[in-house]
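Here is a short report on a predicted model.

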Amino acid sequence: MISRPDRGSTSATSAAPPVGSDAPPHLRRPSPTGPLVTTRVPAVPVTLRALGRAFGDRPVLAGIDLDVAAGEVVALLGASGSGKSTLLRLVAGLDRPTAGEVLVDGTRVDGIENRAAVVFQEPRLLPWRTVAENVAFGLPDGTARAAGREEVARALDSVGLTAFAGHRPREVSGGMAQRTALARALVRRPGVLLLDEPFAALDALTRLRMQDLVDDLQRTSGATVLLVTHDVDEALQLADRAVVLSNDPAGAGIGHVLDVPGDRPRDRADPVLAALRVELLDRLGVPRHAPA
């Protein structure tokens, strides 16, 4: 069983961007404030035991054993079709394993896992609802109306979208739409946050700023995070460990686990990260090109 001890956290501040700008210079790292993020969520551990999933006679995952500590950030990398998103769906209870089990805080996942929230690659917003109404859609059942309004306001503030609460999805940028999806997940106060390539469709600069935002939010909230990504640099920037899934016709397993040293936030120019990048690319089968 591969495991890692609990991680610590810090805090930061936030501001809302002006209309027409997704990330102005003074807001390079929009960060959470208020009760939503200063009151830490009850982060919970996630355990995968001999986990497998097959679709008919096609195995996708096989023999996955992994311990994710409460408050840890683990990035999942691997070739397309290696089962990364399938693994997230199993943790969320959106799918069922054909072998093994998923445990969240020691309890077997059997159906939708209420302590987990998912952010997908596409924002998946309801176009006829405002930004605030889309965020409110993520509130747990039974939330009182007044309390729900407060939670939505805090979540929007934490992602720098207070000024856009009344806008429709078509009236905001792609980065803002994805921040809305992130706020929708945050209002659940999840113990486990599952991120399925949430920045893949964004431009390069917006992607970097979204990485910083997620890093800030995780460190202040303390949630356990599983992040699916194809971006090695993103994994090294955000994760405590990077897990590379094997590309095995008999079902992907854990091919390699890399501990990422140093506290977050990390300096993207750190030469240590550059060396780890080469190692991860090697594990993913990407050849290095030496100068002639």
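## The second largest pocket

The second largest pocket holds about 220 Å³ of space.

In total, 14 residues line the second largest pocket. Nearest its centre lie L208, D233, E234, Q237 and R268. By class, the lining divides into seven charged, five nonpolar and two polar residues.

## The largest pocket

In the largest pocket, the space comes to about 510 Å³. Its lining has 21 residues, and A117, V118, G138, R184 and R188 are the closest to the centre. The elements that supply two or more lining residues are β6 (116-119) and α5 (174-186).

Here the lining has 13 nonpolar, five charged and three polar residues. Two domains contribute to the largest pocket. Domain 1 (42-115 + 193-286) and domain 2 (124-189) each give at least three residues to the lining.

## Helix α4

Helix α4 covers residues 145-158, which is 14 residues. At 1.5 Å a residue it should span 20 Å, and its end C-alpha atoms are 20 Å apart, so the two values agree.

Which residues of α4 are buried? They are G148, E151, V152, A155, L156 and S158. These residues cover an arc of only 155° around the axis, so they sit on the same side of α4. An α-helix has 3.6 residues a turn, so residues three or four places apart point the same way.

Just after α4 comes G160, with a positive phi of about 75°.

Note on methods:
Residues are numbered from 1 along each chain as its sequence is written. This is a predicted model: local features need pLDDT of at least 70, side-chain atom pairs count only at pLDDT 80 or more; totals for chains, interfaces and linings use all residues. Side-chain values use heavy atoms; hydrogens and water are left out. On a 1 Å grid over the protein atoms alone, a cavity is a set of points where a 1.4 Å probe fits but cannot get out, and a pocket is an open set with protein on both sides within 12 Å along at least five of seven lines; lining residues have an atom within 4 Å of a point. Grid points are joined across faces, edges and corners, and a volume is the space filled by probe spheres set on the points. Helices (H or I, at least four residues) and strands (E, at least two) are DSSP runs, numbered from the N terminus. Ala, Val, Leu, Ile, Met, Phe, Trp, Tyr, Cys and Pro count as nonpolar, Asp, Glu, Lys and Arg as charged, and the others, Gly among them, as polar. Domain bounds come from an automatic or database domain assignment. The expected span of a helix is 1.5 Å times one less than its number of residues. Buried means under 20% relative accessible area, exposed over 50%, partly exposed in between (1.4 Å probe, protein chains only). The arc is that of the directions from the helix axis to the C-beta atoms.
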